[in-house]
Amino acid sequence: MALKATIYKAELQIADMDRNYYQQHLLTLARHPSETDERMMIRVLAFAIHASESLMFTKGLFDTDEPDLWQKDLTGAIELWVEVGQPDDKRLMKACGRAAEVVVYSYSATSHIWYKQIANKLERAKNLSVINIPAEASAQLEKMVNRNMQLQCTIQDGQIWLTNSVDTVLVERETFKPPR
């Protein structure tokens, strides 16, 4: 018998002063049985960073041909492909061929080692950026998980503050690979 996803709801208010984007999103998150709370919160963070009316969560871990999030234009072309974790170089190069922009959010304490091992294989990917979320910040985000979350995200000057009714987490991204 296959295990089913656990459903989480999040009311996410975004004030992104860097992009002049101010919006509230009601998110439904299906957490795969093998997914951790930490990874799910990195998906929420990635959504907040790239938020738009057309950005969507995909089947993610339930379908290996899809990213964690994507944004498509009206023709169905993939404008943005977002991966969370430490995908292999073959998957990323394939994604770069399918999407106009590909962004990876790594969050593990071993992210530096992972990226060092695949960095030379990703040099020719001009539409790829790899961003690391410090392990301390992702661990703090994990503590915010609740089945029904109310979150506020403020982005200004590249810094991100994610807040719930109890805690505030400052996330300062580390760029491993900027797009060219």
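Biologist: Is G158 buried, partly exposed or exposed in this model?
Modeller: In this predicted model, G158 is found in the loop between β8 and β9, where it is in contact with D18 and R173 once its neighbours within four places in sequence are left aside. Buried means under 20% relative accessible area and exposed means over 50%. Because G158 has 28% relative accessibility, it counts as partly exposed.

Biologist: How far apart in space are G158 and E172, C-alpha to C-alpha?
Modeller: G158 belongs to the loop between β8 and β9, and E172 is 14 residues away from G158 in sequence. In space, C-alpha to C-alpha, the separation of G158 and E172 is 7.3 Å.

Biologist: In the loop that also holds D157, is D157 itself buried or exposed, and what is its phi?
Modeller: D157 is found in the loop between β8 (148-156) and β9 (159-163). With a relative accessible area of 68%, D157 is exposed. Its phi is positive, although D157 is a residue other than glycine, and the value is near 55°.

Biologist: Which loop holds N20, and why does N20 count as exposed?
Modeller: N20 is found in the loop between β1 (6-16) and β2 (21-31), and N20 has a positive phi of about 55° although it is not a glycine. Exposed means over 50% relative accessible area. N20 therefore counts as exposed, its relative accessibility being 59%.

Biologist: Is N127 buried or exposed, and which residues does it contact beyond its neighbours within four places in sequence?
Modeller: N127 has its place in the loop between α3 (111-118) and β7 (128-132). The limit for a buried residue is under 20% relative accessible area, so N127, at 19% relative accessibility, counts as buried. Leaving aside neighbours within four places in sequence, its contacts are C96, A99, A100, E101 and V102.

Biologist: How far apart are the C-alpha atoms of N127 and T154?
Modeller: Along the chain, N127 and T154 are 27 residues apart. Between their C-alpha atoms the separation is 26 Å.

Biologist: What is the relative accessible area of R43?
Modeller: R43 has its place in helix α1. Not counting residues up to four places away in sequence, R43 touches L29, A30, R31, E35, F57, D68, L69 and V84. R43 is buried, with a relative accessible area of 5%.

Biologist: Which element gives the most to the largest nonpolar core?
Modeller: The largest nonpolar core has 40 residues, and those with the most contacts inside it are L12, Y105, I133 and L141. Nine residues of this core come from the element that gives the most, which is helix α1 (residues 37-50).

Biologist: How many residues are in the second, separate core?
Modeller: Apart from the core that has 40 residues, there is a second, separate core, which includes A95, A125, V130 and F176. The size of this second core is 18 residues.

Biologist: Is K177 buried or exposed, and which residues does it contact beyond its neighbours within four places in sequence?
Modeller: K177 has its place in strand β11 (residues 174-177). With a relative accessible area of 6%, K177 is buried. Leaving aside neighbours within four places in sequence, its contacts are Y115, L122, A125, L128, S129 and V130.

Biologist: Where does Q71 lie, and what is its relative accessibility?
Modeller: Q71 lies in strand β4 (residues 69-72). Not counting residues up to four places away in sequence, Q71 touches H50, S52, S54, L55, A77, I78, E79 and L80. Q71 counts as buried because its relative accessibility is 15%.

Biologist: How many helices and strands does the chain have, and what is its radius of gyration?
Modeller: The chain has four helices and eleven strands. For 180 residues the globule rule gives 16 Å, and the chain comes close to that value, so it is as compact as a globular protein of that length, with a radius of gyration of 16 Å.

Biologist: What percentage of the contacts with a separation of 6 or more is accounted for by residues 24 or more positions apart?
Modeller: Of the 180 residues of the chain, 48% count as buried. Among contacts in the chain with a separation of 6 or more, the share of residues 24 or more positions apart is 55%.

Technical notes. Residues numbered from 1 in each chain as written. Predicted model: local features only at pLDDT ≥ 70, side-chain atom pairs only at ≥ 80, totals over all residues. Heavy atoms only, no water. Helix = DSSP H or I, 4+ residues; strand = E, 2+ residues; numbered from the N terminus. Rg over C-alpha atoms; globule rule 2.2 N^0.38 Å. Buried < 20%, exposed > 50% of the residue type's maximum accessible area, 1.4 Å probe, protein only. Contact = heavy atoms within 4.5 Å. Core = buried A, V, L, I, M, F, W, Y, C linked by side-chain atoms within 4.5 Å.
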